[in-house]
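In this notebook I record what I looked up, in the order in which I looked it up. I began with how the chains meet and then turned to a database record.

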Amino acid sequence: MAYRNPLTPYLRLTAAQVRSQAQYRFSFVLDLFGQTAVTVLDFLTILVLFRITPVLGGFELHEVLVMSGIAITGFSIADLAVGNVEQLAHYVRTGLLDAMLIRPRRVLPQLLAVDFQLRRIGRVVFAAVVLAVAAAASGVEWTWWRWLLVVTAPLAGAVFFSAVFVITATTMFWWVDSREFSASFTYGGRDFTSYPLTVFGGGFRRLFGYALGFGFVAYHPTLALLGRADPLGAPGWLGWSGPVVASIAALAAGALWRTGLRHYKGTGS
Amino acid sequence: MNAVITTRELRKEFTVRVKTGRFSRARRTVTAVDGVDLTIEAGEMVGYIGPNGAGKSTTLKMLTGILNPTSGHVRVCGLEPVPQRLRLTRNLGVVFGQRSALWWDLPLRESFRLLRHVFDVPRADHAARLAQCRDLLDLDGFLDTPVRQLSLGQRMRGELTAALLHGPRVLFLDEPTIGLDVVSKQAVRGFLSDLGAAGDTTLVLTTHDLADIERLCPRLIVIDHGHVVHDGSVERLHHRYGSHRQVVIDLEADWDPGHAPEGVTAKVDPDDARRVRFHLTPGGPSAGELVARLALRAPLRDMSIVEPDIEDVVARLYQAAPADSAG
Ligand SMILES: Nc1ncnc2c1ncn2[C@@H]1O[C@H](COP(=O)(O)OP(=O)(O)O)[C@@H](O)[C@H]1O
Ligand SMILES: [Mg+2]
């Protein structure tokens, strides 16, 4: 008897995890506020910057807020869905990974489902609200394709950041736990993506923005939404490159994860 | 021939980095499993024993698809464990004594319900197997208790149930009685013994508690430093390492060496000249024959049979140099 929907067992696992966390209602609410506050601080940083300067790399406050709105909404969805993968070393130590391996299901979705943290949802909601408000304040001419773009850009960003989470966590299969290394790409990538490419130096911009792909997540989609030409001279259609870049990143992440799992050494006990 | 598990020249090496100085580290290769050949038939109950670090858990992890072998051949239920993990795990039940497959914060009953979805078990089959385990393992008192509040013994009964709800063909147990109190150990052994007697399930059990093995497993595989050093019955192990059942006889008078039946040697107790011991060797007289013959020659007062201590045998085995075919 196979499920018609192959996602069903994973959704059941997720639901069970949410139910078990709901037992600790007070700590859940506390965490929800704490997590949301972190995202509020991310945006406050931008507001503080604009007290010092009226334009940042050629962009005004509401424009940068659209950009960071896309970046942080995408990041927060990824963090909600797959952010736990950065605990991989912990899952290995506690034997959770072994417990997943002896079941007839894919390991990664099981791991994410059994340790799903619903309290991170506050971040997604807050970032999406900032994006909506900033887009409204920017006087975007709402054509149908701009509506499409404002929805797909954060989702493509979510897929892209999810891939980054998985790729950096997977390095653990070869090296020892490298949380700092991972964080410089995940959280570092989010911060990079929240600001216009124009504020970064050439080498850094080429590496993070184009070679690693972070520039396609929010910078180019924002230009397309606002109807602005790239001050750096890149073509306008790059605003639509997000889903393609995200798909490539996701495929790479999947391949790397499977290779890593073959190198899995277990724990010594 | 209906082998459920076969391995040939199975090896697993781990590369570990060891500190050699303040800043220097060297890579060293640890061979955890070193050329293991196993053939286990359907319905067998096998004890896989060895000292700490012998390679028991590593072998089990390669058989269950958790770890990729470094080299060698391995088939379980006709499948290659790592590449065909998704298909294989439907046929396996696995219990790690020191790990849990249950949901910590949920009632035990909920874990069982989730596993039904994870393993796609038809509702009726699941209910029937759960009813059987509830009965045999006496789960009813704590089915609605969150797993984190269970005692170790209760939890282990839950783990066993969890491993069986999808009706596995092979059950792997890694140290299932570790840390359990005497009563829980008995419950677990009794349950496994019934399961094995039913004959549908192949059972492979690692342990360092030899009482588990004596009670459950007709076949014993001993591993040390990654090598199999014994594979056969408990009796063969005793035979090979010269440990025998003894008959201890108390006589009415001091022992007279002339009374010894031919083919056996008597050892007189150094503290009591009226007590003698006879080692029973295969091919020699049985305990009954021995006593009958002795009774014709000297008046007996009492007798007892002393079983060889498997712990001693295995301790000797571990000390012995790498196996030869001395048996
Ligand atoms: N993940 C690992 N990394 C490095 N060494 C390991 C690992 N797992 C097991 N070992 C080593 O392999 C050997 C066998 O371990 P194991 O199979 O756990 O033994 P047992 O279960 O018989 O006690 C030990 O020397 C152990 O230290
Ligand atoms: Mg072990």
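How many residues of chain A are in contact with chain B? I noted that the model is a predicted one, and I found 32 residues of chain A in contact with 32 residues of chain B.

I next looked up the area involved. Chain A and chain B bury about 3000 Å² between them, and 54% of it lies on carbon and sulfur atoms.

I then turned to the charged pairs. Four salt bridges are found across the interface of chain A and chain B. I looked up the one that joins the side chains of A:Asp98 and B:Arg99, with 3.3 Å from N to O. I also recorded 13 residue pairs in polar contact between chain A and chain B, counting pairs with both residues at pLDDT 80 or more.

Which helices of chain A each supply at least two residues of the side that touches chain B? I listed α1 (8-22), α4 (88-94), α5 (96-101) and α6 (107-114). Of the elements of chain A, α1(A) gives the most to this side, with six residues.

Last, I consulted the record. An unreviewed UniProt entry places the feature "transmembrane region" at several spans of chain A, including residues 207-226 and 238-257. For residues 207-226 of chain A, the end C-alpha atoms lie 25 Å apart, and the span is 65% helix and 0% strand.

Methods: Residues are numbered from 1 along each chain as its sequence is written. Chains are lettered from A and ligands numbered from 1 in the order in which they are written. This is a predicted model: local features need pLDDT of at least 70, side-chain atom pairs count only at pLDDT 80 or more; totals for chains, interfaces and linings use all residues. Side-chain values use heavy atoms; hydrogens and water are left out. Contact means heavy atoms within 4.5 Å. Buried area is the accessible area (1.4 Å probe) that two parts lose on being put together, summed over both. A polar contact is a pair of N or O atoms within 3.5 Å; within protein, one must be able to donate a hydrogen and the other to accept it, and residues adjacent in sequence count only if both atoms are side-chain atoms. Helices (H or I, at least four residues) and strands (E, at least two) are DSSP runs, numbered from the N terminus. UniProt positions are given in the numbering used here, feature names are shortened, and annotations may be inferred rather than shown by experiment.
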